[in-house]
Amino acid sequence: MMQRFGEPPLPGKSYTLRPGAYAILPLKGRFLMTAQIGEKVDVQLPGGGIDPGESPLRALYREVIEEIGWTIAYPRRLGAFRRFVYMPEYDLWAEKLCHIYVAHPARQITEPVEPDHVTVVLSATEALAALGNDGDRMFFEKYIF
């Protein structure tokens, strides 16, 4: 059984499966992250939803460019987890199936194009303290230790 993080699903609530691919991106002793700016700042591993017919790796390459403007190389899958959340930007109750990778940032080719996202570079300690969900934090912690 896949590990779940966060709140359990609400009884009687219908959830839409929403697979996604996310990356830990080490860069010269620090880590590239994305911060989603809204009512509060939510620091996340760069990545996002896998479109229908798209592979997790293809989605990872696309989403990292959209969220932080960087290309990546040599992605390696670390594992996956799931969480049940409400996604207000889509007005959707989602079962997020999160595939986690580690990859090498290759180069920055643009500014983030995803609305309300900015690129942040954090130390391992800063990233652990700032990551907004327990699943991301667990995989990040396992990677750095």
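Author: In this predicted model, helices are DSSP runs of at least four residues and strands are DSSP runs of at least two, numbered from the N terminus. With those names, β1 (16-27), β2 (30-37), β3 (41-44), β4 (47-49), α1 (56-68), β5 (70-87) and α3 (134-144) each supply at least two residues of the lining of the largest pocket.

Reader: Which of these elements gives the most to the lining of the largest pocket?

Author: That is β5, with 5 residues, while the lining by class has 11 nonpolar, 11 polar and 17 charged residues.

Reader: What makes R30 buried, partly exposed or exposed?

Author: Buried means under 20% relative accessible area and exposed means over 50%; because R30 has 34% relative accessibility, R30 counts as partly exposed.

Reader: How do you know whether R62 is buried or exposed?

Author: The relative accessibility of R62 is 18%, and the cut-off for buried is under 20%, so R62 counts as buried. The side chain of R62 also meets that of D51 in a salt bridge (3.5 Å, N to O). R62 lies in helix α1 and D51 in the loop between β4 and α1, so this pair ties together parts that are 11 residues apart in sequence.

Notes. Residues numbered from 1 in each chain as written. Predicted model: local features only at pLDDT ≥ 70, side-chain atom pairs only at ≥ 80, totals over all residues. Heavy atoms only, no water. Nonpolar A, V, L, I, M, F, W, Y, C, P; charged D, E, K, R; others polar. Buried < 20%, exposed > 50% of the residue type's maximum accessible area, 1.4 Å probe, protein only. Salt bridge = Lys/Arg side-chain N within 4 Å of Asp/Glu carboxyl O.
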